[in-house]
Structures are given as C-alpha cells and as structure tokens.
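This report concerns salt bridges and surface patches in a protein model. The sequence and structure are shown first.

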Amino acid sequence: MSISLLKRGLELLNADLKVVPKEQKKKKSPRKTSVMDQISTNKQGVRKQVRRLQTHNTTRKNNATVKNKQIKNALEEYRKKQKKSQLDHNLKYFLGTSYKMKESCTKKIVQQNAGRQSRYHPEKPIKKQEKRSIFTEAEFQKFQEEYFSKL
C-alpha cells in the first residue's frame, strides 16, 4: 500500500466520523424541539402530555404591574358597597302628592304590614280566670253550722 492510498482512506474515514448521525442531529434545546418529539412512546396520556408541553413552552406576560393600577381609597369603596337609603326620596314623593288617604285605610295597611314581619309577636290578651271555690255556698253554710254549733 502506498502512502497516498493510506492518506486517502484516512480522509474518507475522517469525513465519515464528522458526519453526525440523524438521532444526534434532531436533539436541540427543549424549547426548539417539536412537541411530538418530546412525548414518550407510551400510548396512554398522549393528549395530556401534549397539552402540558404546549402550555409549558408558551411564555406568559406578567400583567401585575403598578402602571395600570389605580390606588383606591378604602373608605370610598366601602361607601360604594353600602346600600343607599331611599327614605328621603320616598318621603318627598309621597308628601308631594295632593291625594290623601283615609286614616282608617292607612291604619289598616300599617297593621297588616306589621303583622307580616317575623319579629312581630302581638301580646296575647291575658284571660282573667274567675276565682272559684271548690266548695259550694251550701257546703259553707253546713260547715258553719257544724263548727259553731259545737262550741
């Protein structure tokens, strides 16, 4: 063998060693590889893995910045949430009308409304029981005659 043949053979062999196999070529950083290459060969849970990897690769923008937020006064927020009383408005409305109801009708309405409320417990009239004696008048007289006659 001549030296030229050996050099030529080594060059060809060197070129073959420099060529990277396909498996190694595909490996890139995990972000750049496709989702399907990252999934395991198991048949179960493929959809779940794809969904997990897709959400993992996406970058999320953090919106929790002070720039867009307004500082709120706690007292103002409390007042906004409180129910507003409509009493003044209603009184002005009813006092402004010229029509007056009969007093008997208004009393009846107030009485019916009060009766519907759960806290309304009218006082029950107390029945006075007549004092009765166990003995009759005739028995008293008979006792009196017997008691005083023996003395």
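## Salt bridges and surface patches

Glu 11 and Arg 8 lie three residues apart in helix H1 (residues 3–18), which means that about one helical turn separates them. Helices here are DSSP runs of H or I with at least four residues, numbered from the N terminus. The model is predicted: local features need pLDDT of at least 70 and side-chain atom pairs count only at pLDDT 80 or more, while totals for chains, interfaces and linings use all residues. Residues are numbered from 1 along each chain as its sequence is written, and side-chain values use heavy atoms, leaving out hydrogens and water.

A salt bridge requires a side-chain nitrogen of Lys or Arg within 4 Å of a carboxyl oxygen of Asp or Glu. By this rule the count is three.

| Salt bridge | Closest N and O atoms |
|---|---|
| Glu 11 – Arg 8 | 3.9 Å |
| Lys 80 – Glu 77 | 3.9 Å |
| Lys 107 – Glu 103 | 3.7 Å |

Lys 80 and Glu 77 are three residues apart in helix H5 (residues 74–81). Relative accessible area is 61% for Lys 80, which is exposed, and 25% for Glu 77, which is partly exposed; buried means under 20%, exposed over 50%, and partly exposed in between (1.4 Å probe, protein chains only). In helix H7, Lys 107 and Glu 103 are four residues apart, and both are exposed. Of the 14 residues of H7, zero are buried, so this helix lies largely in the open.

Arg 47, Lys 48, Arg 51 and Arg 52 gather in a positively charged surface patch. Patch residues have over 30% relative accessible area and no salt bridge, with like charges joined within 9 Å and nonpolar side chains (Val, Leu, Ile, Met, Phe, Trp, Tyr) within 5 Å. Arg 51 belongs to helix H4 (residues 46–57).

Key
Accessible areas come from the Shrake-Rupley method with a 1.4 Å probe; for residues, only the protein chains shown count as cover. Lys and Arg count as positive and Asp and Glu as negative; His and the chain ends are not counted. The place of a charge is taken as NZ of Lys, CZ of Arg, CG of Asp or CD of Glu. Helices (H or I, at least four residues) and strands (E, at least two) are DSSP runs, numbered from the N terminus.
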